[in-house]
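Colleague: Could you take me through how a few features of a model like this are read, starting with the backbone after a helix?

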Amino acid sequence: MTTIAPAERAVADGSGPRPMITVDSVSKWFGDVVAVSDVSFTVGPGVTALLGPNGAGKSTMLRLLCGLVAPDRGTLSVLGRDPRTDLEVHRSLGLVPQQESVFDAHTALEFVRMAGVLHGVEDPDGAARHALALVEMDADDRRRLSTYSRGMRQRVKVAQAVVHNPWVIVLDEPLTGLDPRQRRHMTDLFHSLGGQGRCVIVSSHVLEEVERFGSDVLVIAQGRLAAEGDFHAIRDLMDDRPHRLRVRTDRPHQVAGGLLAAGTVVGIRLTAPDTVLVDTTDVHRFRRCVAAVARDEDAHLWEVIPLDDDLDSVFRYLVGRP
Amino acid sequence: MTAPTPPVSARPGPPPPIPAVAGSGPGAVGAARSGRGAAAGSRFSVIYRLVLRNQVTVGRLLAMAALGAVAVLLGLAVGLSSQSDPVDAGATLIDRYGLQLLAPVVALVFASSALGDLVDDHTLVYLWMRPVPRVTVAAAAALAALTVCVPVVTVPLVLSAALTGAGAALVGGTAVACLVGVVGYVGMFCALGLRFKRALVWGIAYILLWEGFVANASKTASRLSLRAYTRSVISEYTGVGLDQATLPLAVAVAVPLAVAVAMVLYTGRRLARTDVD
């Protein structure tokens, strides 16, 4: 695992907030498939993003945190309690599950109000209205949830997760289906909740999304914790890894020679009469350099495309690091 | 200002209220908890109504009502025919159609869907994440299923018994047998709906293979079949000797009720241990 800035930084010396979530050597498998493998971390107040590609084990990790499944190995606690066996902890825990399904025959107010009643909130109607207002939904909308768009359902799911004013809020891909304005609003809401001392864990497989969530990140890949700590440090690490790009030009030999001479590439290969594959550790410098080289060589650049900019390759790189 | 942190290990106190956003409604909500007794009642009621609303679909109701209508028509046919012993004919009809088919099938359809539908459509998570004792969820689901099954089974079968012309004994026996049987089956099939993905198939297999075949083969096996208890009720009320109907009335009534209670407790336990999607 790559530790950028230890999550337990402030916890260990008692200088900062105590962990609200503690995960210790947790593993979970379904049949022969290992979903989570020997994962340990602690999370304190504020927004923490759980980042990983699809199928990395994020949802399983969040289900473990909420007690929806039991770990096969290891222990975990939320606010010092076992979320699997201790009902009391659910008073302080809210979840936005990944699946879209809700109680289709209900209205938004009925659905959120029901959550309030089941949590024993004193004024479930008022709490439900307030929670719906937080996500910019109309509590008086009499339409059933089955008629709602994906984004509207997503917002209602967030409302039911916060209606009881929980300490710990777990959100599994909560921005799915939202338009850009709603994404921004929801991100602001998560920051506001985290700023109040709540523990907000948000999962995502979109790097740019996580960037907006905040600085604390847990990167999970292939069921393992690949990195944890400050997002910007992880982002830099990702940028520092070797990148491969494809350059298509009418003068590949001259361009390849120019790039080598400029010293911006660590490897170069001609793969077709008009195509050069380039390995570089500094994409930004390469992008500046390639245009100058083409101009100097009087070459036409038809295409400069990164071949491994997807998250999967980033995670593979992080997991593969010593 | 330093943000407050919750106490760890002890039950955490209320966090600061979620602030209102521009254009939103009232301010502080959520922190206040309602009284324990009143809250427990409200929770039970909410889950009960939710399950009731979920499981009652037009298709299910029409299909089960059609089965009930067949029972009424059969009762009418028996009543109109020139039977030498209408009590015997009526008791046999109620036993063969009502207690062997209608009661268990109706209970299977509604009770297995009470929690099974929530598992299938991945909405169980919205109940599981609440601080509600799992046995409360199970009991509310079973009561919701009972609310539908009792009238759908009892009304047509009592009417059918009356139409046979066998008299008050069969009518009374049918009412009691239906209630006892439906309670037992609902408890059992609620658990089945949570335990198995294809609960309908398992339930039909129980009704047809176990109750319809294996239970008739020996007295011991029949004791493990709810039908032996319901037909014993009919037999006790009417004096008609039905196969494997050898149990005294008190036992025939008490055992299915006990089975239902045990199954609700099992369902609650199972809910606590099940993996939730």
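Modeller: Helix α3 of chain A is followed by A:Gly120, whose phi is positive, near 75 degrees; helices (H or I, at least four residues) and strands (E, at least two) are DSSP runs, numbered from the N terminus. This is a predicted model, in which local features need pLDDT of at least 70 and side-chain atom pairs count only at pLDDT 80 or more, while totals for chains, interfaces and linings use all residues. Residues are numbered from 1 along each chain as its sequence is written, and chains are lettered from A and ligands numbered from 1 in the order in which they are written.

Colleague: In what order do the four strands of the open sheet in chain A lie?

Modeller: Strands of a sheet pair through backbone hydrogen bonds, either parallel or antiparallel. Here two strands pair if DSSP finds at least two bridges between them, and the order is β12-β13-β11-β14 with antiparallel pairing. The edge strands, β12 (267–272) and β14 (301–306) of chain A, each pair on one side only. Six bridges join β11 (residues 243–249) to β13 (residues 275–280) of chain A, and A:Arg248 has A:Thr275 in β13(A) as its bridge partner.
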